[in-house]
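Student: Could we go through this structure slowly, setting each value beside the rule that gives it its name?

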Amino acid sequence: MSFWVIIPARYGSSRLPGKPLLEIQGKPMLEHVYRCAQDSGAARVMIATDDQRIEDCAKGFGAEVFMTDINHASGTDRVAEVARLTGADTDTIIVNLQGDEPGMPASLIQQVAQGLEQQQQADMATLAEAISDERLLWNPNVVKLVRDKAGFALYFSRAPIPWVRDIFSHAPENSNKDQQIALAGQVKPLRHIGLYAYRNHYLQELTRLPACDLEQDEALEQLRLLYHGGKIFVDLATEEPQAGVDTAEDLQRWNENVET
């Protein structure tokens, strides 16, 4: 199986400005992400950015990097532009690996690409894992999802889904959430892992689709694909990824816990 990895990286994070350049154990976060991608066996690994500082940094550790339009609304748009700039074939499988995921296992990058290759009817592939910590179920920053019997996504939400009526009838702060998860055994709550694979022809189509109200209300870009009739295959991750970096506290935990 042959696939590419493209890493979108922007400087202007609202919660953590300059995030890709911040250091983890003496190396830029972006370099850690790039090494994860290299270890996956991808035929080509590239970085997509709109900032000269990130380009200079990426070139400094030997990465192939492309400057993209500063007006892109999302990392997906940036990934699609690099695919066009490099003349990717229409059937090239492209994995979108976020630039703030320094602990994404190489095995999961392989898995999401393989999932798309094996599911010919899928327009996109991604991953999920079972939620075992009740705090994640109620955390709006943790995206939840439900699948159909074939493993295709039915919906993504920041709210707890599926909503088990007889168990979740009380407000979270007034209920035994450990018991809730234990009792909701028929449909195990799933956490979305933000790793995506597309065939290039659909990636280009996706970036031309208009945004939908669901996408804007939930602030979840993948809902655009579902709204317009696309199919997302969701495989269960074979390995647990380490948490990404969204805040200064996340960065501190990484520097305290990650070994060089």
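Tutor: Let us begin with a single residue, keeping in mind that this is a predicted model. Thr49 has a relative accessible area of 0%, and it lies in strand 4, which spans residues 44–49.

Student: What makes Thr49 buried or exposed?

Tutor: A residue counts as buried when its relative accessible area is under 20%, and Thr49, at 0%, is therefore called buried.

Student: Which residues does Thr49 touch, leaving out those up to four places away in sequence?

Tutor: Heavy atoms within 4.5 Å make a contact, and by that rule, with residues up to four places away in sequence not counted, Thr49 touches Ala9, Ile54, Glu55, Val65, Phe66, Met67, Thr68 and Arg78.

Student: Why is Cys57 called buried?

Tutor: Its relative accessibility is 19%, and the limit is under 20%, so Cys57 counts as buried. Cys212, with a relative accessible area of 3%, is buried by that rule too.

Student: How do you know how many disulfides there are?

Tutor: The two sulfur atoms of a disulfide must be within 2.5 Å, and by this rule the count comes to zero. For Cys57, the nearest cysteine sulfur is that of Cys36, 15 Å away, and Cys57 is in no disulfide.

Student: What span is expected for helix 4, and what does the helix reach?

Tutor: Helix 4, residues 106–118, has 13 residues, and from its first C-alpha to its last it reaches 18 Å, close to the 18 Å expected at 1.5 Å a residue. Its buried residues are Leu108, Ile109, Gln111, Val112, Ala113, Gly115 and Leu116. These buried residues pack against several elements, including strand 1 (3–9), helix 1 (29–39) and strand 6 (93–97).

Student: What makes a set of residues a nonpolar core?

Tutor: The members are buried residues of nonpolar kinds, joined through side-chain atoms within 4.5 Å. In the largest such core, of 34 residues, Val5, Ile7, Ile47, Val95, Leu97 and Leu195 touch the most other members. Helix 4 gives the largest share of this core, five residues. Val95 has contacts that include Ile109, Val112 and Ala113, which are among the buried residues of helix 4.

Conventions:
Residues numbered from 1 in each chain as written. Predicted model: local features only at pLDDT ≥ 70, side-chain atom pairs only at ≥ 80, totals over all residues. Heavy atoms only, no water. Buried < 20%, exposed > 50% of the residue type's maximum accessible area, 1.4 Å probe, protein only. Helix = DSSP H or I, 4+ residues; strand = E, 2+ residues; numbered from the N terminus. Expected span 1.5 Å × (residues − 1).
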